[in-house]
Amino acid sequence: MDEAVPVPSVPTDDLVNDSAVNATAFQACPEGMAIAYGSLFIMALAPIIIGSFKSVFHLKGQKDRSEQLETLTGKDAAMFPIYASCALFGLFLVFRYFGKEYINMLLTGYFFAIGIFALSNILSPIVAKLVPPSFPNRLYHLSFTGNANDETEVLLDYKFDRKDLACLVASSVVGIWYILKKHWIANNLFGLAFAINGVEYLQLGGVKTGCILLGGLFVYDIFWVFGTNVMVTVATSFEAPIKLVFPQDLIEHGFLGAEKMAMLGLGDIVIPGIFIALLLRYDASLNRKRNTYFNTCFLAYIFGLATTIFVMHFFKHAQPALLYLVPSCLTAPLFVALVKGDLVTMFSYRDDDTTEEVPPDNKKVQ
């Protein structure tokens with residue numbers, strides 16, 4: 001299953017402590033909070049690492065097949081915060097004036113459909129390696145075409161086998177579990193799948209585009225969290241796997257009974273993640289032994305996320321995580337590139353560049 005799967009837009013980009021929003025209802029013990037924040041931390045880092053390295057192989061495969069790359073343009077990056085703001089405020093109005101039960105019912109059906117394909121896409125390569133050669137496999141080819149003006153247009157061209165079908169069935173079981181119980185583990189399985197696919201398949205194209213996108217969302221996140229109650233309202237009302245959650249009352253109530261969640265929006269993972277993945281692909285283009293800029297930006301992300309959690313815990317208020325993540329993820333790799341003399345080549349790098357690789361010594365700006 002090599003095709004890209006749909007990745008949902010993520011309008012809720014803040015780190016929210018559910019007990020901070022409902023402080024009078026529940027006060028988490030220090031051990032419970034440490035487990036919750038630590039688990040969110042690990043779940044945030046894993047998709048970035050996995051998705052970034054998968055994006056390198058995905059890009060190489062696209063170039064080997066001479067496929068046209070679909071990357072984000074500078075104009076798209078500049079407009080994205082505006083589109084995200086419209087979507088966020090629209091959801092806020094819908095939740096305010098209509099019954100959120102009915103809206104969440106529709107959203108649950110939508111995310112169930114794309115979630116099982118996203119999770120199946122993650123499971124397929126794992127299952128393919130685990131299944132013995134004696135497995136009675138069989139290939140299938142699903143194709144839909146349409147005729148327009150005497151020309152045949154391919155609407156769907158999908159190849160899969162029995163191992164892929166097994167993954168689809170297993171993912172459907174997780175989806176049914178999520179629909180029936182809305183359990184946080186099922187939510188996280190879908191959320192992690194969305195995050196990994198997002199980091200792998202969403203391509204910024206170039207560092208300049210990434211800077212524009214991160215800069216715009218930096219302002220977007222601050223405004224909607226500190227300027228209004230819109231972000232927190234939508235984040236706590238939106239019952240869909242667009243956030244990773246972990247219970248703070250796990251010690252008191254166990255895996256099945258825990259309800260008070262700390263949550264991290266997928267936007268806080270995917271948005272910096274696609275920029276970190278871009279730097280890994282840039283590292284690969286330099287043909288050096290170290291992934292200098294990936295490692296630098298990844299460590300900066302860790303620092304920014306740790307800062308977010310610390311500030312949120314200290315002030316007991318939802319935090320716009322991009323307020324801390326964007327400056328960290330931008331300044332650290334750019335400073336290293338300035339010191340190493342790679343700033344010009346970094347900004348000139350593009351995923352869709354098909355020219356021959358230049359030896360590292362000639363790429364470095366003196």
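This is a predicted model: local features need pLDDT of at least 70, side-chain atom pairs count only at pLDDT 80 or more; totals for chains, interfaces and linings use all residues.
## A first look

Let's start with the whole chain. Its secondary structure comes to 14 helices and five strands. Of the 366 residues in the chain, 49% are buried. If you take the contacts between residues at least 6 apart in sequence, 79% of them join residues at least 24 apart.

## Helix 2 against helix 11

Now to a pair of helices. Two packed helices are described by the angle between their axes and by how far apart those axes are. Helix 2 covers residues 30–64 and helix 11 covers residues 292–315; they pack at about 155°, and their axes are 11 Å apart. An angle over 145 degrees counts as roughly antiparallel, so helix 2 and helix 11 are roughly antiparallel to each other. Their crossing is right-handed.

Who meets whom here? On the helix 2 side you'll find M33, Y37, F41, A44, L45, I48, I49, S52 and F53, and these meet F294, F298, Y301, I302, L305, A306, I309, M312 and H313 of helix 11. Sorted by type, the residues of this contact come out as 16 nonpolar, two polar and no charged.

## Helix 7 against helix 10

Here's another pair to look at. Helix 7 (residues 207–227) packs on helix 10 (residues 267–286) at an angle of about 160°, with 10 Å between the axes. That makes helix 7 roughly antiparallel to helix 10. The crossing of helix 7 with helix 10 is left-handed.

From helix 7, the residues V207, G210, C211, L213, L214, L217 and D221 take part. Facing them in helix 10 are D268, I271, P272, I274, F275, L278 and L279. How do the residues of this contact divide into nonpolar, polar and charged? There are eleven nonpolar, one polar and two charged.

## Two loop residues with positive phi

Back to S66, as promised. You'll find S66 in the loop between helix 2 and helix 3. S66 has a positive phi of about 60°, although it is not a glycine.

K182 is another non-glycine residue with a positive phi, in this case about 50°. K182 sits in the loop between helix 5 (162–181) and helix 6 (184–201). At 32% relative accessibility, K182 counts as partly exposed, because that value falls between the 20% cut-off for buried and the 50% cut-off for exposed.

## A buried glycine and a buried serine

G191 has 0% relative accessibility, so it counts as buried. Leaving aside residues up to four places away in sequence, G191 touches P241, L244 and L266. The C-alpha atoms of G191 and I242 are 5.8 Å apart, although 51 residues separate the two along the chain.

S85 belongs to helix 3, which spans residues 74–97. What is the relative accessible area of S85? The value is 17%, so S85 is buried. Again not counting residues up to four places away in sequence, S85 touches Y220 and W224.

Setting aside residues up to four places away in sequence, T292 touches D283, V336 and K340. T292 and L280 are twelve residues apart in sequence, and C-alpha to C-alpha they are 8.4 Å apart in space.

## What about the cysteines?

A disulfide is a covalent bond between the sulfur atoms of two cysteines. How many disulfides does the structure hold? The number is zero. For C329, the nearest cysteine sulfur is that of C297, 4.2 Å away. A disulfide needs the two sulfurs within 2.5 Å, so C329 is in no disulfide.

C329 counts as buried, with 1% relative accessibility. C167 counts as buried too, at 2% relative accessibility.

Note on methods:
Residues are numbered from 1 along each chain as its sequence is written. Side-chain values use heavy atoms; hydrogens and water are left out. Buried means under 20% relative accessible area, exposed over 50%, partly exposed in between (1.4 Å probe, protein chains only). Axes are lines fitted to C-alpha atoms, for helices over the stretch in contact, and angles run from 0 to 180 degrees between N-to-C directions. Helices (H or I, at least four residues) and strands (E, at least two) are DSSP runs, numbered from the N terminus. Angles under 35 degrees count as roughly parallel, over 145 as roughly antiparallel, 65 to 115 as roughly perpendicular and the rest as oblique. A crossing is left-handed if the near helix is turned anticlockwise from the far one by less than a right angle, and right-handed if clockwise. Contact means heavy atoms within 4.5 Å. Ala, Val, Leu, Ile, Met, Phe, Trp, Tyr, Cys and Pro count as nonpolar, Asp, Glu, Lys and Arg as charged, and the others, Gly among them, as polar.
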